[in-house]
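Here is a briefing on the structure shown below.

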Amino acid sequence: MFDNIDKSKYLALLVLLLPSLLGMLAFVIAPIIASLILSFSQWDLIGDVKWIGFDNYTTIIFDPAVRTALFNTLMFIAGYLPSVIVIALGLALVLNSKIKAKTFFRAVYFVPVVTSWVAVSLVWKWMLNPVYGIVNYGLSFVGIDGPGWLYDPNWAMAGVILTTVWKDIGFVMVIYLAGLQDIPENLYEAAELEDANAWQKFRFITWPLLARTTFFVTTISLINSFQVFDQIWVMTKGGPAGSTSVMMELIYKNAFSYYKMGYASAISWVLFVIIFAVTITQNYLQKQRSAYNV
Amino acid sequence: MKIINKLFATVAIASLSVAGFANAESVTVKYLTFSAAPNYIKELDATIAAFEAKNPDIEVEYETAGWEAYFTKLQTLVASGKAPDTYELNHENFVTYASKGALLDIGGMLGADKSIYNATALDVFTHDGKQLGLVESFSNVVLFYNQEMFDAAGVDYPAESWTWKEELEAAQKLTKDGNWGAFAPIQFWEFYKTIAQNGGAILNDDKTEVVIDSAQNVETLTWMIDKINKYKVTPSSAQMAGQSSEDMFKAGKIGMLRTGIWMFGAFNDAPFKWDIALEPGNTNKAHHFFANGVVVSDKTENPEQAFKWIKFLTSSQEAVELRIAAGWELPAVSDPKYAKAYLDQPIPPSRDVVFKALDSAVVPPVIANWNQLTDAVGKELEAAVLGTKTPEQALKDAKVAIQAIM
Amino acid sequence: MFKQFENFSAGRSLTYILLLIGAAAMLLPFAWMIATSFKGEGAVFVTPPQLIPTEPTLDNYFKVFNSSPMGRFILNSVIVSSLNTFLVVLFAASSGYAFARIKFKGREVLFYGYLATMMVPQQVTLTPLFVIMNFLDWSNSYQALILPTSFSAFGTFLMRQFFMGIPQEIEDAAVLDGAGHITIFYKIAIHLAKPAMATLAIFAFMASWNSFLWPLIITSDSSMMTLPLGLSFLQGRWTTDWNVLMAGTVIGTLPVLLVYIFTQKYIIKGLSHTGSK
């Protein structure tokens, strides 16, 4: 009996997991390991590979460009992550309530999600244009003299964050909508019997029961926002004056513009360790908080 | 890493045997280019057709990539042992590839035919005394001006004797009705030339010392920025708002523009009369000199055929004539009849300025880690333009950054 | 919830107004993109901005199609993106199911290994991957364009989260009927997972459709190139024609939007109504 279950289990793993695992090994993990090995080398991509031990890693510690990029990346996350989660969750709550045309609204808010980053960045670069763009034109109607956005080092990152939030709201909203569907209606009915107000219902029913969803959303968003690149590459190239220089932009430049593949790999691995640590911590904290977790 | 080296070796052997097998009749030469797309594909096709007609045993297969993506692609190809037989390199990247030993010495095959090229331009593609590439074309930057704007403002056209002072006076008269008098970008390339117009430099002559923060360089940078902030004859990047200076010139919004002769074609149908002049300097004349070259990979299986192709591409009558007719930069051949064909074209009238500017050509102080240097200096220049640093401070910081890179 | 809104019409109206403003903000950039793509050369840089071009023209679209063999590029993109999407969903659903519902030794560690692959930037794995492709002699081939991106840790993560929500009772009932995991996966789980799979499909399609760096490196023959490469040829070294670029962007965006319109009833409605109940 137990043997049978085991056999069927291993057969299932063989059929369901192994193909994916083999593909991962060949096309994802092998190149990743190669990049780890390269991070201990000096390689300009043209000549031979030179082994230099931990030199790349010690260089990183004292490299002001890395510090700036890490700082800017954290600034991006600090602006982006709370905004996208709060707005998308609020939207999901509204669109999950009894409201007319909610299918329409759900569909519309999801449209930016299915548009390419390059297209979105180009269009927003245009819209944020201080002279010919429609954002400052709109602001002028309410008496606000809009900033220089991507041309102003104090505002460029805000422009990038605005664009990213705009694009990602729909994605996070849909995931939250799915999560809200899993919450049994009778919990709210019970709460109403006890005269709970809307805030109490959210605080003690909705939010805790959304923990698994929030874990998924924050994990994905954190991993993605540590690697923010496409929109910055199209919109600002890290400028003006380095104000939007982020980790991925630094890695790309080192790999393909400065001929320093080894150093770029080392920075990637530092970034990897940071992301991994943050993800593990976040998972741990959430496990502490809720039983409804992975 | 051994694994990767082994992979490289296997790939090399595999491609060897495949190439050897196909060799029996005709040979394929691969060519990677950035300068052909998007505007000169037709000319490249015609050049290849002419070459293949003369060399029926050689087939040229080309691939184009846009400027931004080109070097990412080239590096990946070279890194994995799949370098194309022949490829295009600009001067700065040539120095990088040459110093890494990725290029074939073609001096022997060129021999006495050296003389068909302009000597200065060909010399750019030597490294450690070896000829590692052929010069394909060169270009420079001059002062473009809108004659009708000058006429309307009653200002004399720019003369060879002009200095920054006359340029500024003219610009102030031209700046009105939403039009701007003058434009020069503030970025690394413009900077190294403009400081030369004031007797300055980034590195000393033997490239051992960083002199970017000299007094005359601070004066130069201040002048460049003053044109925007103090005299307001040049639009700031926020005022230009994503519109390129070239587009603005073509729309008749800029009186004098410092830009490359590669814009001749694009400005050809401008709805006003325009011409070019030598750039005004402060104490010196100085003009950019850019050269593109074509090289043969040291990994090629067919060095002779590859060389035949790049020689044809850079110096044959067919290729040169196609280039001149299309305005696809300037072939760097020495035969004066080609220069005449170039000069005879009607727009702009003063085409001889292109050749006069060569007398005061400055080449960039290329060092290893060149791209990193240009980024670092560019960032400091941006900070100075934005006013977050004074010109003195920006150049001091640039000096520190360059020293760290060197 | 939010019942008090129903009784309080001012609050309700405010909600609608905010929703409508938000919806307009979502769609405006597309209107802008489409409008610019029909503008003539002179109409791009004007103040105030024109939302509706006064003299619409199709020139920009002709320019895009004349710049490179766009038809072939689009065909390649369709082939690559569809096959890639199919494989991503297949591998993600099966592995996601395994991680969610099959208990085995080292499951957590392996799963975190999958997650970890998302954290290494593509830039530095590009060159080693290219070496592997050369070793397999795959450069310039559909399999090189398709396979490396067919194994998505994100997809596995998404599907795992979904399968974890399937109540244990469903599985128990199936087991009582004598079904093993493979049967449960193909007969039950995969049907319940349609909405999640549709969501993943649209992401996979989009990622593949827009992929630039990898096709740039792995293809050298224009018969194998994809749409984003063609669009990148529109940007010259010295100047940018915004209107032409926007026409190219419209061409690049439209197919994905169409796929979305056809699948959105699964994605939006499906995700919210069937869920994992």
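Domain bounds here come from an automatic or database domain assignment. On that basis, chain C divides into domain 1 (1-57) and domain 2 (62-273). The model is predicted.

**Domains of chain C**
- Between the two domains, 7 residues of domain 1 of chain C are in contact with 6 residues of domain 2 of chain C.
- The domain 1 side of this contact has 3 nonpolar, 2 polar and 2 charged residues.

**Chain A against chain C**
- Here 74 residues of chain A are in contact with 68 residues of chain C.
- Helix H2 (residues 18-38) of chain A gives the largest share of the chain A side, 12 residues.
- By class, that side of chain A has 54 nonpolar, 14 polar and 6 charged residues.

**The largest nonpolar core**
- The largest nonpolar core has 276 residues.
- Residues with the most contacts inside this core include A:Met173, A:Tyr176 and A:Met247, along with B:Val135, B:Val142, C:Met159 and C:Leu200.
- Helix H8 (residues 156-181) of chain A supplies the largest share of this core, 15 residues.
- Beyond its neighbours within four places in sequence, C:Leu200 is in contact with C:Val88, C:Val89, C:Ala92, C:Gly155, C:Leu158 and C:Met159.

**Two buried residues of chain B**
- B:Ala241 sits in the loop between helix H11 (237-240) and helix H12 (245-250) of chain B.
- B:Ala241 counts as buried because 22 other C-beta atoms lie within 10 Å, and the cut-off is 20 or more.
- Setting aside neighbours within four places in sequence, B:Ala241 is in contact with A:Asn129, A:Pro130, A:Val131 and A:Tyr132.
- B:Ile225 belongs to helix H10 (residues 215-229) of chain B.
- B:Ile225 is buried too, with 21 other C-beta atoms within 10 Å.
- Leaving out neighbours within four places in sequence, the contacts of B:Ile225 are B:Ile186, B:Ala384, B:Val385 and B:Pro391.
- B:Ile225 and B:Pro391 are 166 residues apart in sequence, yet 8.8 Å apart in space, C-alpha to C-alpha.

**Five-stranded sheet of chain B**
- In chain B, 5 strands form an open, mixed sheet in the order S2-S1-S3-S12-S6.
- Strand S2 (58-64) and strand S6 (134-139) of chain B each have a single partner strand, so one side of each is left without a neighbour in the sheet.
- On average, neighbouring strands of this sheet are turned by 20° against each other, direction ignored.
- Strand S1 (residues 27-33) of chain B pairs with S2(B) in the parallel sense over 7 bridges.
- B:Leu32 stands opposite B:Glu63 in S2(B).
- Helix H4 (residues 91-99) of chain B lies across strand S3 (86-90) and strand S12 (290-296) of chain B, at about 120° to S3(B).
- Helix H14 (residues 303-315) of chain B lies across S1, S2, S3, S6 and S12 of chain B, at about 155° to S12(B).

**Four-stranded sheet of chain B**
- Another open sheet of chain B has 4 strands in the order S8-S9-S7-S10, with mixed pairing.
- Its edge strands are strand S8 (180-183) and strand S10 (274-277) of chain B, each pairing on one side only.
- Neighbouring strands of this sheet are turned by 25° on average, direction ignored.
- Strand S7 (residues 141-146) of chain B runs antiparallel to S10(B), joined by 4 bridges.
- B:Tyr145 has B:Asp275 as its bridge partner in S10(B).
- Helix H8 (residues 164-174) of chain B lies across S8 and strand S9 (254-260) of chain B, at about 140° to S8(B).

Key. Residues are numbered from 1 along each chain as its sequence is written. Chains are lettered from A and ligands numbered from 1 in the order in which they are written. This is a predicted model: local features need pLDDT of at least 70, side-chain atom pairs count only at pLDDT 80 or more; totals for chains, interfaces and linings use all residues. A nonpolar core is a set of buried Ala, Val, Leu, Ile, Met, Phe, Trp, Tyr and Cys residues joined through C-beta atoms within 7 Å. A residue is buried if 20 or more other C-beta atoms lie within 10 Å of its own, exposed if 12 or fewer, and partly exposed in between; C-beta atoms are placed from the backbone. Ala, Val, Leu, Ile, Met, Phe, Trp, Tyr, Cys and Pro count as nonpolar, Asp, Glu, Lys and Arg as charged, and the others, Gly among them, as polar. Two strands pair if DSSP finds at least two bridges between them. Axes are lines fitted to C-alpha atoms, for helices over the stretch in contact, and angles run from 0 to 180 degrees between N-to-C directions.
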